[in-house]
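This briefing sets out selected structural features of a predicted model.

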Amino acid sequence: MMDAAQADLTLYTFAMSHYSEKIRWTLDHSRIPYREVCMTPVFHMLPALRMGRRGQTTLPILQTAHWAIQDSPRILDWLAQHRGPLSTLPPADMTQIREVAQRFDAIGKDVARFLYANSFGSADEHIKQLWTAHATPGQAAFIRGAYPFIRWAFKRKLHITPRRCQLAQQRITQVIEWLESQLQDGRAYLVQDRFSAADITAASLLAPIACPRQHPVYGDPAFAHSMAAAIAPWRDRPALQWVRLVYDRHRGAFSGGVFSPQPQRLRA
Ligand SMILES: N[C@@H](CCC(=O)N[C@@H](CS)C(=O)NCC(=O)O)C(=O)O
């Protein structure tokens with residue numbers, strides 16, 4: 001089997017990004033070789049702007065032999081077209097899969113907003129560890145030294161205010177209720193009763209709340225502990241139990257390896 005280091009696809013992620021987890025999981029499940037480069041917040045911005053060429057700094061970005069694709073729905077479309085047919089992206093079901101995925105993508109920022117709102121201040125040391133886990137010593141020193149400013153900027157960027165957090169909580173609850181309404185008839189999967197990118201998207205986007213044990217960040221007992229109070233309203237709901245079941249049944253191994261970014265070698 002091809003080693004991750006030799007793969008012709010490189011996935012730029014944050015270890016804790018739920019949108020990145022969606023793509024990582026799709027690649028892992030499809031046994032498509034790739035190498036994963038985990039970026040450090042702040043230091044991801046210039047490379048993401050350069051690679052994405054869309055005026056956006058978001059990850060994940062998939063670097064192929066020819067170009068870089070930014071934005072997880074666009075990456076799924078590229079995989080369906082260029083690496084298909086994939087069992088998780090069957091051409092006949094793509095419209096339905098996109099519809100379901102959009103519902104969960106739409107609360108991605110709410111999930112992040114809600115989690116950071118509940119951990120800034122109380123779990124700052126844990127956040128610093130997560131943000132510096134793949135940093136060079138110089139980057140780590142910068143993140144730690146500038147943390148109060150970065151946290152302030154992050155709060156502004158994510159609109160972390162009491163009103164927006166309350167709205168986030170409502171929007172997350174609505175999507176959880178929608179998921180439970182779908183699962184009510186006993187179905188195991190969201191589209192055509194077979195495991196697809198719709199389930200991967202739903203489970204990945206809710207993973208920060210469900211804390212499945214397989215996830216390297218959200219499965220860490222230290223994370224679940226630091227977020228326990230914030231996620232308590234949802235943690236044992238049927239939708240979150242379903243997320244953990246989907247992880248148990250389908251997550252499998254993380255095969256991308258984790259490589260530290262070497263900015264001078266980033267391909268644009
Ligand atoms: N629509 C994008 C959203 C991705 C996104 O918001 N990623 C977050 C991490 S979960 C990010 O990169 N934030 C840093 C930034 O915006 O610079 C996608 O689906 O890929």
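The side chain of R251 forms a polar contact of 3.0 Å with the side chain of E21. R251 itself lies in the segment that follows α12 (238-250). With a relative accessibility of 1%, R251 counts as buried, since the cut-off for that class is under 20%.

**R251 and D248**

- Setting aside residues up to four places away in sequence, R251 touches E21, R24, W25, D28, Q214 and V246.
- D248 is a residue of helix α12.
- In contrast to the buried R251, D248 counts as partly exposed, at 44% relative accessibility.
- The side chains of D248 and Q214 are joined by a polar contact of 2.8 Å.
- Beyond four places in sequence, D248 touches R213 and Q214; Q214 is also among the residues that R251 touches.
- D248 and R213 are 35 residues apart along the chain, and their C-alpha atoms are separated by 8.5 Å.

**The ligand and its surroundings**

- The ligand is surrounded by 14 residues, of which the closest are T57, D71, S72, K109 and K157.
- The side chain of K109 places an N or O atom 2.7 Å from an oxygen atom of the ligand.
- For K157, an N or O atom of the side chain likewise lies 2.7 Å from a ligand oxygen atom.
- L59 contributes through its backbone, with an N or O atom 2.8 Å from an oxygen atom of the ligand.
- On its own the ligand has 520 Å² of accessible area, and the protein covers 82% of it.
- By residue class, the shell comprises five nonpolar, six polar and three charged residues.

**Strand β4 and Q70**

- Q70 belongs to strand β4, which covers residues 68-70.
- The relative accessible area of Q70 is 0%, so Q70 is buried.
- A polar atom of the Q70 side chain lies 3.1 Å from the backbone oxygen of Q56.
- Excluding residues up to four places away in sequence, the contacts of Q70 are A48, G52, R54, Q56, T57, T58, P60 and I61. One of these, T57, is also listed with the closest residues to the ligand.

**Helix α5**

- Helix α5 has twelve residues, 108-119.
- From its first C-alpha to its last, α5 reaches 17 Å, close to the 16 Å expected at 1.5 Å a residue.
- Nine of the twelve residues of α5 are buried, and the helix is therefore largely enclosed by the rest of the structure.
- The buried residues of α5 are G108, D110, V111, A112, R113, F114, L115, Y116 and S119.
- G121 follows α5 and has a positive phi, near 95°.

- C165 lies in helix α9, residues 162-183.
- C165 is buried, with a relative accessible area of 12%.
- Residues touched by C165, leaving out those up to four places away in sequence, are R113, F114, A117 and I160. Of these, R113 and F114 are among the buried residues of α5.
- Although C165 and F114 are 51 residues apart along the chain, their C-alpha atoms are separated by 5.6 Å.

Key
Residues numbered from 1 in each chain as written. Predicted model: local features only at pLDDT ≥ 70, side-chain atom pairs only at ≥ 80, totals over all residues. Heavy atoms only, no water. Near = heavy atom within 4 Å. Polar contact = N/O pair within 3.5 Å; in protein donor to acceptor, adjacent residues only side chain to side chain. Areas by Shrake-Rupley, 256 points an atom, 1.4 Å probe, with all protein chains shown as cover. Nonpolar A, V, L, I, M, F, W, Y, C, P; charged D, E, K, R; others polar. Helix = DSSP H or I, 4+ residues; strand = E, 2+ residues; numbered from the N terminus. Expected span 1.5 Å × (residues − 1). Buried < 20%, exposed > 50% of the residue type's maximum accessible area, 1.4 Å probe, protein only. Contact = heavy atoms within 4.5 Å.
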